[in-house]
Amino acid sequence: MRGDPYSKMAETTAEHHRHRHRHHHHLVLKSAIGSRLLLLALIVFFRTLLSPYDTSAALNPPCLSTPNATLSSPLQNAVVWDSVYFLRIVQCGYEYEQSFAFLPLLPLSLSLVSFLPTQTPLFVLSGYLINNLAFVLAALYFYRLSLTLLKDPDIALRATLLFCFNPASVFYSSIYSESLYALLCFGGMYHFVCGRNNLAVLFFALSGCARSNGVLNAGYLCFQTMHRSYHALFHQKRLLLALQIIFVGALRTACIFSPFLAYQAYGYYNMCVGRSHDEIRPWCKARIPLLYSYIQSHYWGVGFLRYFQLKQLPNFLLASPILSLALCSIVHYAKSRPQNFFSLGFLAPMEEKSCGVVFLSDDLSRSKEADSVGKSSSVRVEEHLNLRRRKNVIKGDVATVPIESESAEAWPGYLSASVLPFVLHLGFMACTAFFVMHVQVATRFLSASPPLYWFAAYIMAYPTKYYRWGYVIWAYSIAYIFLGSLLFPNFYPFT
């Protein structure tokens with residue numbers, strides 16, 4: 001008896017998709033490794049070619065606890081900017097108040113190789129190894145996240161390649177916390193959209209140990225909790241379920257904040273407890289003694305509109321490309337889906353919200369058993385539909401297609417309701433970078449925001465009137481890679 005032709009066709013299609021995904025994973029892996037090798041080569045080349053502007057990094061005085069010990073290293077002069085602080089913390093701990101601005105995850109990671117003497121070149125090289133390895137893993141997580149949300153392998157691959165060669169690449173190949181943060185941030189996002197919230201909480205909590213803005217990732221859980229409790233209360237009329245959802249959401253949010261708050265408590269204990277009245281620092285007497293915000297304000301001048309000075313105009317120009325890209329990605333989503341955007345997703349179609357776990361629970365639309373059986377096939381169908389939509393747009397005369405029709409037809413992944421919390425998160429981050437922070441830091445501050453790469457990838461994939469901006473985005477990334485490799489290792493200001 002002959003087999004079912006439809007079953008054979010489905011098996012052939014499934015095998016094709018698996019082969020395609022494996023091929024894309026290999027491309028992501030090669031691109032991530034290749035981009036790091038390129039950056040390291042550029043850093044070594046420009047550092048050899050030019051003399052550093054500031055040579056004080058090689059002057060590494062002994063620790064306060066061991067004043068007679070020598071901390072000099074043959075590669076100490078290759079450490080610049082914040083890398084000096086991170087390595088110093090590994091060697092001496094948190095000695096000074098301003099050193100608490102550098103969160104402990106990267107120093108703790110470097111301490112894992114504490115069997116290496118801190119005076120040897122291998123100790124410094126281990127820092128580069130950890131961060132570049134973390135970047136490769138972050139790229140793999142980012143591809144999986146993009147594929148899960150956008151359901152378009154080609155767009156997910158294009159977005160991941162943009163991340164591999166992003167404008168802040170030099171920081172991802174240096175002894176900075178960007179690589180570890182991106183790994184934990186993308187990993188947490190991926191597990192969040194896959195419904196593994198407990199694992200997502202762990203990743204997000206650790207991201208708050210890498211960079212302070214990691215605690216903002218709690219917003220994803222808050223967004224989900226808000227929608228699930230609303231659905232339980234007003235659609236299902238189940239008050240107890242709504243209260244349970246709120247309680248679990250609050251508990252998960254507290255878990256994400258707890259490592260950062262514990263770090264602040266550690267700083268308070270070190271800097272405030274046991275000090276005389278004359279020695280105690282002003283922030284210790286505050287109603288909420290938050291060390292991190294005081295350091296940022298007192299030592300770095302961070303604050304609302306404090307950077308709005310005429311002399312800072314070059315720094316605003318330096319940050320303008322990344323801020324413009326963020327603004328365009330947010331505005332496009334808001335103009336294409338105004339009802340969804342301005343209602344924070346509450347007015348999004350129920351069938352759209354119930355198709356994933358970002359808004360509602362899986363069991364609101366289907367059982368877990370049915371989901372496990374049908375998930376892969378439904379994803380393959382949607383990927384196929386997205387590919388057909390893209391081909392139709394490429395073949396058609398898009399100049400005659402209205403913007404609303406083009407957006408709804410050609411941007412199904414980026415404009416889906418599940419992308420909304422990521423767009424809102426990017427908006428908050430961009431506003432913080434522009435109005436509060438040293439604005440030039442926006443280039444690396446926003447470099448771990450997925451909507452930037454998703455938006456740019458769609459611009460490049462579809463022949464719309466914005467298509468040529470794709471070349472501009474690539475030119476911007478390449479220019480900043482070379483500019484950063486030239487300036488940053490030689491102790492010249494760059495973001």
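Visitor: Which helix is Ser-35 found in?
Guide: Ser-35 is in helix 1, which covers residues 5–49. A helix here is a DSSP run of H or I with at least four residues, numbered from the N terminus. This is a predicted model, where local features need pLDDT of at least 70, side-chain atom pairs count only at pLDDT 80 or more, and totals for chains, interfaces and linings use all residues. Residues are numbered from 1 along each chain as its sequence is written, and side-chain values use heavy atoms, with hydrogens and water left out.

Visitor: Is Ser-35 buried or exposed?
Guide: Ser-35 is buried, at a relative accessible area of 0%. Buried means under 20% relative accessible area, exposed over 50%, and partly exposed in between, using a 1.4 Å probe and protein chains only.

Visitor: What is Ser-35 in contact with?
Guide: Leaving aside neighbours within four places in sequence, Ser-35 is in contact with Phe-135, Cys-164 and Phe-165. Contact means heavy atoms within 4.5 Å.

Visitor: New topic. Where does Glu-97 lie?
Guide: Glu-97 lies in the loop between helix 2 (82–92) and helix 3 (105–111). Glu-97 is buried, at 6% relative accessibility.

Visitor: Which side chain meets Glu-97 in a salt bridge?
Guide: That of Arg-281, at 3.0 Å from N to O. Arg-281 is in the loop between helix 10 (239–271) and helix 11 (291–300), so the pair ties together parts that are 184 residues apart in sequence. A salt bridge is a side-chain nitrogen of Lys or Arg within 4 Å of a carboxyl oxygen of Asp or Glu.

Visitor: How many salt bridges does the structure hold?
Guide: It holds 4. One of them joins the side chains of Arg-88 and Glu-95 at 2.9 Å. Another joins Glu-178 and Arg-444 at 3.0 Å. Those two sit 266 residues apart, Glu-178 in helix 7 and Arg-444 in helix 18.

Visitor: Which residues are linked in a network of salt bridges?
Guide: Glu-178, Arg-211 and Arg-444.

Visitor: Last one. Where does helix 12 bend?
Guide: Helix 12 bends by about 50 degrees at Ser-320, and Pro-321 follows within four residues. The bend at a residue is the angle between axes fitted to the seven residues ending there and the seven starting there.

Visitor: And which residues of helix 12 are buried?
Guide: Among them are Phe-316, Leu-318, Ile-322, His-332 and Tyr-333.
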